[in-house]
Amino acid sequence: MTATPSTIEARPSGSAALRLGRLSWLVPIRAAVVAGLGLLLLLVVVAVNLALGDFDVPVVKVVRILLGGEAEQFQQAIVLDVRLPQTMVAVVVGAALGLSGALTQTFARNPLASPDVLGVTEGAALGAVAFIVLTGTARESTSSPLHMLGLSGAAFVGGILTALLLFALAWRHGIEGNRLVLIGIGLGAAFSAGTSWLLVTARLEDAATAQVWLTGSLSSRGWTDAKPVIVTLLILIPITLVLVRTLNALQLGDDSARGLGVRLQWSQLVVLTCAVALAAVAVSAVGLLEFVAFVVPQVALRLMRGSRPPLVSSMIYGAVLVVAADLLTRTVLPFGLPAGLVTTAIGGPYLIWLLLRGKRKATI
Amino acid sequence: MSELRAESVTVGYGAAPVLRDLTFEVPAGRVTSIVGPNGCGKSTLLRTLARLLPPSEGEVLLDGEPIDDRSTRDVARRLALLPQSPTAPEGLLVSDLVMRGRHPHQRWFRQWSPKDETMVGEALSWTDTAELKDRPLDELSGGQRQRAWLAMTLAQDTELLLLDEPTTFLDLAHQVEVLDLVVRLNRERERTVVMVLHDLNLAARYSDTVVVMRDGVIVDEGDPAVIVTRELIASVFGLECEVLSDPRTGLPIVVPVASAAGVPTG
């Protein structure tokens with residue numbers, strides 16, 4: 001070494017070193033700004049979502065109600081008891097889906113590898129539809145606690161079982177991204193067929209209930225639906241944030257990752273388990289909100305101009321997208337359209353664009 | 001000096017394993033090249049030394065201890081690996097790549113220590129990639145990209161460097177550039193280097209020791225000026241050739257003799 005390089009030189013421009021005693025981090029400024037703006041945007045859509053509906057409450061009043069201020073009882077009830085729980089479900093489900101997608105896409109080094117594509121959500125859907133059709137609980141009351149618990153549980157079990165099957169089929173001396181995607185697509189198709197078969201053979205009212213659930217309805221969702229998602233997020237967010245460095249190493253290929261001291265198969269297992277749990281719990285709360293986990297991490301990636309779908313921003317923008325979809329279905333679109341249709345309408349064209357764009361390399 | 005040693009390793013299964021009962025000790029503090037025909041097991045040997053492939057028999061010892069007894073992170077602080085045609089995600093910046101070399105030294109609460117910063121800075125300036133640090137890897141030329149990858153393995157700050165065909169897909173000028181850098185690292189930074197090379201002349205030119213392999217065993221090993229002979233090339237590669245002496249260095253130069261069938265008849 002002839003001369004010691006100056007300390008600024010080593011750092012990528014556009015990042016700041018954060019040091020507290022022996023603790024140190026490197027903060028990419030653009031990513032931090034993107035995440036910060038996302039949070040602001042989220043606050044705005046949440047406030048608007050609480051304000052608009054069949055009865056509009058001025059946004060200023062919404063904020064006052066949220067802060068515990070005085071308001072007419074009727075407005076207070078609408079905001080706190082009706083709209084707030086449903087909005088919170090949208091926020092946490094969007095965050096869980098965004099994070100899940102960012103994890104699977106990084107893991108497989110493939111933007112197509114979202115839980116929707118990997119068949120996990122289809123497996124969860126099959127579980128839920130099987131529960132509705134086979135038990136017939138929906139005929140008594142769709143909102144009975146037993147029904148809700150059974151439905152969520154069945155969806156969760158369906159998602160986890162799919163993931164286990166996916167692991168078993170895709171495992172060949174480790175997990176390889178492209179094989180995982182292809183097997184996932186196959187599993188997803190098979191499970192969709194199973195779901196369709198159940199719908200065709202089901203009684204009419206069961207089929208109708210199942211259909212609404214399938215398209216990802218947020219209407220009349222409440223705290224009971226949000227709780228499992230919140231608990232999962234609280235447990236998994238810290239784990240995934242610790243995993244960030246490992247994800248960075250995993251991106252360089254299996255050999256490089258192991259050369260850098262990553263316990264490859266253990267890390268892959270942890271990443272995929274987190275991703276599957278997040279997707280399954282989100283789907284079991286609200287049904288199929290297609291494409292959120294697929295689109296959001298890629299949009300966040302493009303906003304950041306990074307090399308990996310960002311975890312925090314994917315959560316934030318996932319929440320923004322789902323709350324916005326809820327807002328659209330409640331206010332602009334004709335009554336009764338489920339939010340899943342909005343996310344699909346955004347996601348479909350995006351998928352096509354992603355596959356068509358010429359500049360970037362082919363991904364399948 | 002770190003010692004790395006493969007002790008009667010067999011890699012692969014069945015009647016035709018890739019490596020058969022092979023013992024090899026990496027010469028500490030030197031530049032060693034493994035050469036041999038395609039499929040002779042040279043990359044397999046390197047990957048086995050780097051603990052990427054588990055031997056079915058025998059073991060790899062790092063400083064006298066079985067390499068698998070150490071945590072993979074501990075190994076990564078002593079031994080860095082540059083895989084053959086490594087992959088990087090789209091849009092990854094050179095500085096981002098080089099920083100990832102610090103992985104085995106970091107914790108989630110200590111991701112950018114002054115030491116990390118110094119080592120990354122040194123790796124960038126050693127490989128002459130400091131001006132490229134804010135450019136995406138996929139926009140660089142092959143030679144620049146390979147220097148960036150070398151910078152990443154340098155940032156890992158290990159005594160041992162294992163390079164799997166570091167010159168593949170590079171033109172001659174860039175091959176020489178990369179190998180010059182490798183030798184400089186050995187001479188000035190006391191790194192022990194083991195690499196797999198395809199080109200016999202470059203291997204002879206840049207290595208203290210050449211290891212010649214065929215069919216999963218080591219045929220010969222030693223100073224290239226001594227062991228690279230017409231007979232060895234004929235028996236290992238099945239190639240008829242002349243071995244000349246480089247007028248500047250005295251090192252062997254292999255010149256294949258074209259067979260009649262290989263000469264165009266017009």
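**Close-ups of a predicted two-chain model**

View 1. B:Asp215 counts as partly exposed because 15 other C-beta atoms lie within 10 Å of its own, and a residue needs 20 or more to be called buried. Keep in mind that this is a predicted model. You'll find B:Asp215 in the loop between strand 9 and strand 10 of chain B. Its phi is near 50 degrees, which is a positive value in a residue other than glycine.

**View 2. A:Arg305, a loop residue with a positive phi.** Over in chain A, A:Arg305 has a phi of about 55 degrees, although it isn't a glycine. Look for A:Arg305 in the loop between helix 13 (292-304) and helix 14 (311-331) of chain A.

**View 3. The open sheet of chain B.** Here you can follow six strands of chain B in the order 6-7-8-3-9-10, with mixed pairing. From one strand to the next, the twist averages 15 degrees.

**View 4. Strand 3 beside strand 8 in chain B.** Strand 3 (residues 31-35) and strand 8 (residues 192-196) of chain B run parallel, and four bridges join them. To get your bearings, pick out B:Thr32, which stands opposite B:Val194 in strand 8 of chain B. As a reminder, strands of a sheet pair through backbone hydrogen bonds, either parallel or antiparallel.

**View 5. Two helices lying across strands of chain B.** Helix 1 (residues 42-49) of chain B lies across strand 3, strand 7 (160-164), strand 8 and strand 9 (209-214), and it runs at about 145 degrees to strand 8. Helix 5 (residues 142-155) of chain B lies across strand 6 and strand 7, running at about 165 degrees to strand 6.

**View 6. Where chain A touches chain B.** How many residues does the contact take from each chain? It takes 35 residues from chain A and 38 residues from chain B. On the chain A side, strand 2 (23-28), helix 10 (244-250) and helix 11 (254-259) each supply at least two residues. Sorted by class, the chain A side has 12 nonpolar, 11 polar and 12 charged residues.

Technical notes:
Residues numbered from 1 in each chain as written. Chains lettered and ligands numbered in written order. Predicted model: local features only at pLDDT ≥ 70, side-chain atom pairs only at ≥ 80, totals over all residues. Contact = placed C-beta atoms within 7 Å. Nonpolar A, V, L, I, M, F, W, Y, C, P; charged D, E, K, R; others polar. Pairing = 2+ DSSP bridges. Axes fitted to C-alpha atoms, helices over the stretch in contact; angles between N-to-C directions. Buried ≥ 20, exposed ≤ 12 C-beta atoms within 10 Å, placed from the backbone.
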